[in-house]
Amino acid sequence: MKAALRIAAPLVGAGLDRITHAALVEGLAPLDLAARAEVGLKLVGGETDLNVVDLLEPRR
C-alpha cells in the first residue's frame with residue numbers, strides 16, 4: 001500500500017498539472033483534453049507512424 005501511494009501521488013499531481021496547463025494556456029476543458037488524449041492514443045502505431053513519446057510533444 002505504501003509503495004502504491006508513493007508512486008500514485010506524483011502521477012496524480014502531474015495529471016492535475018497537465019489539466020490546469022491546458023485550461024489556462026489553451027483554454028481547453030478537461031473533457032476536451034481527455035478526448036484529445038484518447039484520439040492520440042488510437043493513432044499510435046497506425047498509418048501515422050506515431051510513437052507514444054510523440055504524444056508528449058506540445059501541439060503547434
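**Exercise 1. Is Gly 40 buried or exposed?**

Some ground rules before the solution. This is a predicted model, where local features need pLDDT of at least 70 and side-chain atom pairs count only at pLDDT 80 or more, while totals for chains, interfaces and linings use all residues. Residues are numbered from 1 along each chain as its sequence is written, and side-chain values use heavy atoms, with hydrogens and water left out.

*Solution.* 
- Step 1: Gly 40 sits in helix α2 (helices are DSSP runs of H or I with at least four residues, numbered from the N terminus).
- Step 2: apply the cut-offs. Buried is under 20% relative accessible area, exposed is over 50%, and partly exposed is in between, with a 1.4 Å probe and protein chains only.
- Step 3: compare. Gly 40 has a relative accessible area of 9%, so Gly 40 is buried.
- Step 4: Val 53, in the segment after α2, comes out at 53% relative accessibility, so Val 53 counts as exposed.

**Exercise 2. Work out how α1 and α2 pack.**

*Solution.* 
- Step 1: take the geometry. Helix α1 (residues 2-26) and helix α2 (residues 30-43) pack at about 110°, and their axes are 9 Å apart. Axes here are lines fitted to C-alpha atoms, for helices over the stretch in contact, with angles from 0 to 180 degrees between N-to-C directions.
- Step 2: name the arrangement. The angle makes α1 roughly perpendicular to α2 (65 to 115 degrees; under 35 is roughly parallel, over 145 roughly antiparallel, and the rest oblique).
- Step 3: list who touches whom. From α1, Arg 18, Ile 19, Ala 22 and Glu 26 meet Pro 30, Leu 33 and Arg 36 of α2, with contact meaning heavy atoms within 4.5 Å.
- Step 4: sort by class. The contact of α1 with α2 has four nonpolar, no polar and three charged residues.

**Exercise 3. Find the salt bridges and describe their surroundings.**

*Solution.* 
- Step 1: set the rule. A salt bridge needs a side-chain nitrogen of Lys or Arg within 4 Å of a carboxyl oxygen of Asp or Glu. The count comes to two.
- Step 2: take the pair between helices. Glu 26 bridges to Arg 36, with the closest N and O atoms 3.1 Å apart. This pair links distant parts of the chain, Glu 26 in α1 and Arg 36 in α2, 10 residues apart.
- Step 3: Glu 26 is partly exposed at 42% relative accessibility, and Arg 36 is partly exposed at 29%.
- Step 4: take the other pair. Glu 38 bridges to Lys 42, the closest N and O atoms being 3.8 Å apart. Both lie in α2, four residues apart, about one turn of the helix.
- Step 5: explain the spacing. An α-helix has 3.6 residues a turn, so residues three or four places apart point the same way.
- Step 6: Glu 38 is partly exposed at 46%, whereas Lys 42 counts as exposed at 64%.

Terms used:
Helix = DSSP H or I, 4+ residues; strand = E, 2+ residues; numbered from the N terminus. Nonpolar A, V, L, I, M, F, W, Y, C, P; charged D, E, K, R; others polar.
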